[in-house]
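Work through the exercises below with the sequence and the model in view. Each task is followed by its solution.

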Amino acid sequence: MTETTKTHVILLSCGSFNPITKGHIHMFEKAREYLHKTGRFIVIGGIISPVHDSYGKPGLVPSRHRLTMCQLAVQSSDWIRVDPWECYQDTWQTTCSVLEHHRDLMKRVTGCILSNVNTPSTTPVIGQPQNTTSPIYQNSNTANKPTAIKLWGKMSESLGKICCVRPHVERFTFVGVRTIQTFCCCHQNLLRILLLCGSDLLESFCIPGLWNESDMEVIVGDFGIVVVPRDGVDTERIMNHSSVLRKHKDNIVVVKDDLNHPMSVVSSTKSRLALQHGDGHVVDYLSQPVIDYILQSQLYINASG
């Protein structure tokens, strides 16, 4: 498949990020690498969405700290950004709601019609720009046209600015929107948002009553998920234990590369314990800017979390 016929993907990861670890970033990197290897996808962006304070998880530090730590963790990334929308709502949001928010936001600010996982690829995803001005890129030489990844970079520069402030979203100016519209109209690209998660979240789908059945249908059936296994978990066994996962098995991509990588066992829990015990291995779990911020802000110094 050529770049113009591949599905362009934005990976969205929801969670506590309490704190964000090297394992979280590794998950994004391995997922992108694996999706590219399939030959069917091009990952143009990644979004980290920390959970609302009212989630109620013991030891969850305030979102202002978690947002800052996430921003520090991705400051050198050219494709992963942090989004505060979930934290800034009045109360906790379901994963389904977060996915739908980002789908609708992309529609609103770019004119995109994001496809579901099972939408026929013959249907163009991007609608015509609503303005009638001439396209920015008129040269028929595709070498001079912007790639989707470059355009995501331009857009994420402005999207990233909302991390530490609370703007009125409707009034926010997004950079590169018209350019993205033009690119996608020319190339008829498919654009999808996929939920990125570890095998622990996948396993939670099998716990009776934990997830709303209709939400699961939307998450797996409409959007789709990319799973990065942890601790050698048997994802095939997990999927066979859930009727929804079995039904939409084709919408689940399991990253099978490098399952025994050291980062696959890194967790926020281990990181908090290492911080509380003064364990020097914390440098293996967290990036130095995140460690510095934690020490400066005196986070995770008690054993309650």
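**Exercise 1.** Classify Tyr 55 as buried, partly exposed or exposed.

Solution. Buried means under 20% relative accessible area, exposed over 50%, and partly exposed in between (1.4 Å probe, protein chains only). Tyr 55 has 42% relative accessibility, so Tyr 55 is partly exposed.

The model is predicted: local features need pLDDT of at least 70 and side-chain atom pairs pLDDT 80 or more, while totals for chains, interfaces and linings use all residues. Residues are numbered from 1 along each chain as its sequence is written, and side-chain values use heavy atoms, without hydrogens and water.

**Exercise 2.** Determine what kind of aromatic pair Tyr 55 and Trp 92 form, and which parts the pair ties together.

Solution. Rings of Phe, Tyr and Trp (its six-membered ring) pair if their centres lie within 6.5 Å; planes under 30 degrees apart are stacked, over 60 edge-to-face, and the rest tilted. For Tyr 55 and Trp 92 the centres are 6.2 Å apart and the planes 35° apart, which makes the pair tilted. Next, locate the residues: Tyr 55 is in the loop between β2 (41-50) and α2 (63-73), and Trp 92 in the loop between β3 (80-82) and α3 (95-110), so the pair links parts 37 residues apart in sequence. Trp 92, at a relative accessible area of 38%, is partly exposed.

**Exercise 3.** Classify the pair of Phe 205 and Trp 211.

Solution. The ring centres of Phe 205 and Trp 211 are 4.6 Å apart and the planes stand at 75°, so this pair is edge-to-face. Phe 205 has a relative accessible area of 4% and is therefore buried.

Notes
Helices (H or I, at least four residues) and strands (E, at least two) are DSSP runs, numbered from the N terminus.
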